[in-house]
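Have a look at the model first.

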Amino acid sequence: ARSGLTHRYECVGSSFVSFAADATRLGSFDVIVSNPPYIPRKDMTSLEEEVVGWEDDRALCGGESGLDVVEQLLTRAASLLRGQGCEIWLE
């Protein structure tokens, strides 16, 4: 608010499932920021208790390969981003 930019951007917070389902309604984006799950399903049982105890399974398990959500996001990127110069930031 102090920078006077609040009228120039819109921030949308969403789970990937909701975002993917609503993307058409939401329109296109200049930047997509995501912290997707990336742990392969087979490795979930070997995670330390302090990890599993604090994080929901959906925040950790990235499917069979560990990259299922990342792959879906990158596949949809062309239809979600406005065009050249737009970016996806993944943590």
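The residues lining the largest pocket split into 17 nonpolar, seven polar and five charged; here Ala, Val, Leu, Ile, Met, Phe, Trp, Tyr, Cys and Pro count as nonpolar, Asp, Glu, Lys and Arg as charged, and the others, Gly among them, as polar. The space in that pocket comes to about 910 Å³. Of its 29 lining residues, Val12, Ser14, Phe19, Ile32 and Val33 sit closest to the centre. Two or more lining residues come from each of α1, β1 (31-34), α3 (57-60) and α4. Points are joined across faces, edges and corners, and the volume is the space filled by probe spheres set on them.

A word on what you're looking at: this is a predicted model, where local features need pLDDT of at least 70, side-chain atom pairs count only at pLDDT 80 or more, and totals for chains, interfaces and linings use all residues. Residues are numbered from 1 along each chain as its sequence is written, and side-chain values use heavy atoms, with hydrogens and water left out.

The pLDDT, the predictor's confidence in each residue from 0 to 100, averages 85 over the protein chain, with 95% of residues at 70 or more. Among the elements, helix α1 (residues 16-26) has the lowest mean, 70, and strand β2 (residues 87-90) the highest, 92.

Zooming out, the chain runs α-β-α-α-α-β along the sequence, counting DSSP runs as helices (H or I, at least four residues) or strands (E, at least two), numbered from the N terminus. Its radius of gyration is 16 Å, well over the 12 Å that the globule rule gives for 91 residues, so the chain is more spread out than a compact globule. That radius is taken over C-alpha atoms, and the rule is 2.2 Å times the number of residues to the power 0.38.

Back in helix α1, you'll find Val17. Is Val17 buried or exposed? Exposed, because its relative accessible area is 66%, and the cut-offs are under 20% for buried, over 50% for exposed and partly exposed in between (1.4 Å probe, protein chains only).

Definitions and conventions
1 Å grid on protein atoms, 1.4 Å probe; cavity = no way out; pocket = protein on both sides within 12 Å on 5 of 7 lines; lining within 4 Å.
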